[in-house]
Amino acid sequence: MAVSVSVLTIPSFDSGSCNRLAAPSCSSKLSSSTSLQFPLHTQKFRVGNTGVCSPSRPRVLPLVKAKKQSFSSFDDLLANSDKPVLVDFYATWCGPCQFMGPVLNEVSARLQDKIQVVKIDTEKYPSIADKFRIKALPTFILFRDGEPYDRFEGALTADQLIQRIENSLKVKQ
């Protein structure tokens with residue numbers, strides 16, 4: 001069974017295509033017995049004024065450079081690595097997993113001489129997920145000499161993830 005692993009590519013969000021909503025104008029009464037009326041004209045308003053559609057601060061996520069490699073098996077990947085391997089077990093539909101894409105890119109860049117970062121899609125490789133009893137996403141397993149060395153679950157910031165890795169491996173930056 002061939003295994004291909006890669007880091008997710010997070011698309012950029014273009015803030016220039018901001019949706020604007022306009023309320024329809026009308027001048028009708030609800031009923032003859034009420035004095036409530038709709039305004040004649042309603043001004044356009046912006047949805048998401050705190051950054052999603054703000055032209056002054058475009059929201060662009062950095063692209064994660066994917067290095068897709070194929071191996072004859074997951075065991076080969078672990079056996080042929082000359083440094084510890086951090087494996088992120090994820091799914092494409094998982095929100096916290098998507099959040100981890102840029103975080104893992106930063107961790108990989110900052111610890112490039114100390115660890116290798118790999119992502120495994122649990123939907124494409126359910127047998128690997130079953131083998132390591134992946135029940136929550138994202139799940140991280142740090143492998144050392146081909147064997148699981150540490151395991152943790154949930155989304156973390158880059159600093160938290162680096163601290164966890166360094167504590168586990170007793171590696172100083």
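Tutor: Let's start with a term: a crossing of two helices is right-handed if the near helix is turned clockwise from the far one by less than a right angle, and left-handed if anticlockwise. Keep in mind that this model is predicted.

Student: Okay, which hand does the crossing of α2 and α4 have?

Tutor: Right-handed: that is how α2 passes α4.

Student: What angle do α2 and α4 make, and how far apart are their axes?

Tutor: Helix α2 covers residues 95–110 and helix α4 covers residues 158–169; they pack at about 50°, and their axes are 9 Å apart.

Student: Why is α2 called oblique to α4?

Tutor: Angles under 35 degrees count as roughly parallel, and 65 to 115 as roughly perpendicular. The angle here is about 50°, which falls between those two ranges, so α2 is oblique to α4.

Student: Which residues make the contact?

Tutor: On α2 they are M100, V103, L104, E106, V107 and R110, while α4 brings A158, D159, L161, I162 and I165. This contact has 8 nonpolar residues, 3 charged ones and no polar ones.

Student: Now the sheet. How do you know that β7 and β8 pair?

Tutor: Two strands need at least two bridges to count as paired. Strand β7 (residues 139–144) and strand β8 (residues 147–153) have 6 bridges, in the antiparallel sense, so they pass that cut-off. For one of the bridges, look at F143, whose partner in β8 is P148.

Student: And what about β5 and β6, which way do they run?

Tutor: They run parallel, and 6 bridges join β5 (residues 85–90) to β6. D88 has its bridge partner in β6, namely K119.

Student: What makes β6 and β8 the edges of the sheet?

Tutor: The 4 strands come in the order β6-β5-β7-β8, with mixed pairing, and the sheet is open. β6 (116–121) and β8 each have a single partner strand, so one side of each has no neighbour in the sheet. From one strand to the next, the twist averages 25°.

Student: Where do α2 and α4 sit on these strands?

Tutor: α2 packs on the sheet and touches β5, β6 and β7, with its direction at about 160° to that of β6. α4 lies across β5, β7 and β8 and runs at about 150° to β8.

Student: Why is the pair D75 and K131 called a salt bridge?

Tutor: The cut-off from side-chain nitrogen to carboxyl oxygen is 4 Å. For D75 and K131 the N to O distance is 3.3 Å, so the pair qualifies. D75 is in helix α1 (residues 74–79) and K131 is in helix α3 (residues 126–131), 56 residues apart, so to speak linking distant parts of the chain. The whole structure has 5 salt bridges.

How values were computed: Residues are numbered from 1 along each chain as its sequence is written. This is a predicted model: local features need pLDDT of at least 70, side-chain atom pairs count only at pLDDT 80 or more; totals for chains, interfaces and linings use all residues. Side-chain values use heavy atoms; hydrogens and water are left out. Axes are lines fitted to C-alpha atoms, for helices over the stretch in contact, and angles run from 0 to 180 degrees between N-to-C directions. Angles under 35 degrees count as roughly parallel, over 145 as roughly antiparallel, 65 to 115 as roughly perpendicular and the rest as oblique. Contact means heavy atoms within 4.5 Å. Ala, Val, Leu, Ile, Met, Phe, Trp, Tyr, Cys and Pro count as nonpolar, Asp, Glu, Lys and Arg as charged, and the others, Gly among them, as polar.
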